[in-house]
Amino acid sequence: MNRPEPITAPDAAEPSDGLANPQRLMAFSTLAMAITMAVLDGTIVTVALPTMAREFAVAPENAIWIVNAFQLAVTVSLLPLAALGDMFGYRRVYWWGLALFTVASLACALAPTFAVLTFARLVQGLGAAGIMSVNIALIRFIYPHARLGQGVGNMAVVVAVATAASPSVAAAILSVASWHWLFLINVPIGAVALIMAARTLPETPRAAGRLDLQSVILNALTFGLVIAGVNGIGQGGRPWLALIEIAVGAAIGAALVKRQLKLPAPLLPVDLLRRPVFALSLATSISSFGAQALAIVSLPFYFEDRLGHSATTTGLLLTPWPVAPIAGRLADRFIPGILGSIGLLVMGGGLALVALGIGDSHPVSLAWRLAICGLGFGFFQSPNNRVIIGSAPRERSGGAAGLQLSGRLIGQSLGTALVAVAFGRAPAHATEIALWGAAALTLAGAVASGLRRAG
């Protein structure tokens with residue numbers, strides 16, 4: 001069924017133009033706490049992957065499912081949960097997503113086996129998707145219309161800082177406690193955030209109609225089969241079976257796109273993808289985040305298993321990578337496509353330097369090379385995000401934001417899956433292969449970025 005224009009539900013009061021302080025500050029703090037946990041848990045465990053692999057006695061290519069299960073769950077459920085937010089209210093979807101995330105975090109910490117941990121991470125990803133899918137939508141009802149840009153900008157800073165801090169946070173926790181505390185720390189924070197959310201988040205208008213279940217199923221099958229197929233290649237299974245999974249997933253994806261073209265309010269906003277600038281920007285985003293995942297997921301195994309560094313040192317070495325966006329003001333004055341190309345070329349150069357430096361165990365030598373990667377990645381992000389949001393009509397900002405996040409998650413999921421392929425097929429040189437593959441992806445992204453003409 002299609003979703004018509006939003007109407008106010010009988011039990012939901014018409015929202016005013018934002019919230020007054022101090023409720024606005026408390027509501028934003030609630031969103032910031034939850035999104036910080038969701039972003040951190042997408043990457044924080046990569047630092048502890050080698051330790052977890054040893055404890056559960058699993059191969060590196062299998063241990064990567066601890067990361068991939070979370071990312072896959074978020075990627076598959078993000079757009080459907082955003083649609084549910086339209087129908088049942090953003091506050092409700094956010095609260096239940098946060099509750100599920102908190103409970104699943106406890107389950108991750110107490111998991112007795114690798115299988116249980118992977119399943120708990122899958123559930124945790126579903127909860128994280130509930131948080132992420134309606135986060136920006138809630139900002140619209142927390143901040144007055146005249147200050148909406150400020151609210152969106154503040155949230156972007158929170159996400160950037162959480163991303164940049166994740167390796168350091170992991171290193172700090174692992175220096176004093178076991179990996180279980182990477183998840184346990186979410187429980188008290190999540191409990192406080194749940195109480196604050198119930199008291200401060202505003203009610204929002206709801207849309208009549210029902211979710212298009214066929215689109216939801218096609219969406220889940222598309223991403224699930226493609227990611228499973230890529231991982232199947234990496235885990236040393238039957239290659240022909242993995243290729244069939246990828247092919248079937250791609251065919252279902254084509255059916256998904258075809259169905260969306262018939263819907264006035266599609267689950268997957270394919271109408272935006274018809275805009276060349278938007279499509280190129282999304283492709284650039286997928287390439288860059290795929291490259292980032294290839295490097296960040298593979299490097300901890302190299303640092304710890306081959307160079308003998310501790311998990312704490314690994315976290316500190318990776319800290320310079322996800323630098324907060326640094327080209328925001330430049331993106332308003334210069335052509336974002338050119339700025340994005342420059343950033344990706346710098347990032348690719350840094351990746352090549354890291355690959356060429358394989359074998360050098362000195363932390364300083366590794367740190368400056370990784371800092372170049374982070375500098376380029378940070379220089380790329382703001383201009384690219386500006387193009388994605390700015391190239392969409394104002395009334396389609398929600399769909400543009402959803403695709404922007406989906407592009408990031410798709411890139412991260414595919415990058416992580418390709419790391420599994422590298423470890424499964426060439427374990428002795430997996431990190432080098434991943435790094436050179438990441439450099440190639442950034443080059444492709446730089447070319448796509450340079451083809452854009454709009455800013």
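Biologist: In which helix is R369 found?

Modeller: This is a predicted model, in which local features need pLDDT of at least 70, side-chain atom pairs count only at pLDDT 80 or more, and totals for chains, interfaces and linings use all residues. Residues are numbered from 1 along each chain as its sequence is written, and side-chain values use heavy atoms, with hydrogens and water left out. Helices are DSSP runs of H or I with at least four residues, strands are runs of E with at least two, and both are numbered from the N terminus. On that basis, R369 is found in residues 363-390, which is helix 18.

Biologist: Is R369 buried or exposed, and which residues is R369 in contact with?

Modeller: Buried means under 20% relative accessible area, exposed over 50%, and partly exposed in between, with a 1.4 Å probe and protein chains only. R369 has 14% relative accessibility and therefore counts as buried. Contact means heavy atoms within 4.5 Å, and, leaving aside neighbours within four places in sequence, the contacts of R369 are G350, L353, V354 and G357.

Biologist: Where is the place of Q71, and which residues does Q71 touch?

Modeller: Q71 sits in helix 4, which spans residues 65-88. Q71 is buried because its relative accessible area is 5%. Not counting residues up to four places away in sequence, Q71 touches G42, Q412, S413 and T416.

Biologist: How are helix 1 and helix 7 oriented to each other, parallel or antiparallel?

Modeller: Two packed helices are described by the angle between their axes and the distance between the axes. The axes are lines fitted to C-alpha atoms, for helices over the stretch in contact, and angles run from 0 to 180 degrees between N-to-C directions. Helix 1 (residues 23-43) and helix 7 (residues 135-142) pack with axes 10 Å apart and at an angle of about 170°. Angles under 35 degrees count as roughly parallel, over 145 as roughly antiparallel, 65 to 115 as roughly perpendicular and the rest as oblique, so these two helices are roughly antiparallel.

Biologist: Which residues of helix 7 does helix 1 meet?

Modeller: From helix 1, the residues taking part are R24, A27, F28, L31 and I35. The partners in helix 7 are N135, L138, I139 and I142.

Biologist: Where does A57 lie, and what is the phi of A57 near?

Modeller: Most residues other than glycine have a negative phi, and most peptide bonds are trans. A57 lies in the loop between helix 2 (49-56) and helix 3 (60-63), and counts as exposed because its relative accessibility is 70%. Its phi is positive, near 55°.

Biologist: What kind of aromatic pair do Y302 and F303 form?

Modeller: Rings of Phe, Tyr and Trp (its six-membered ring) pair if their centres lie within 6.5 Å, and planes under 30 degrees apart count as stacked, over 60 as edge-to-face and the rest as tilted. By this rule there are 9 aromatic pairs. Y302 and F303 have 5.9 Å centre to centre and 55° between the planes, and their pair is tilted.

Biologist: How many disulfides does the structure hold?

Modeller: A disulfide is a pair of cysteine sulfur atoms within 2.5 Å. C108 counts as buried because its relative accessibility is 0%, and C373 is buried with a relative accessible area of 0%. The number of disulfides in the structure is 0.
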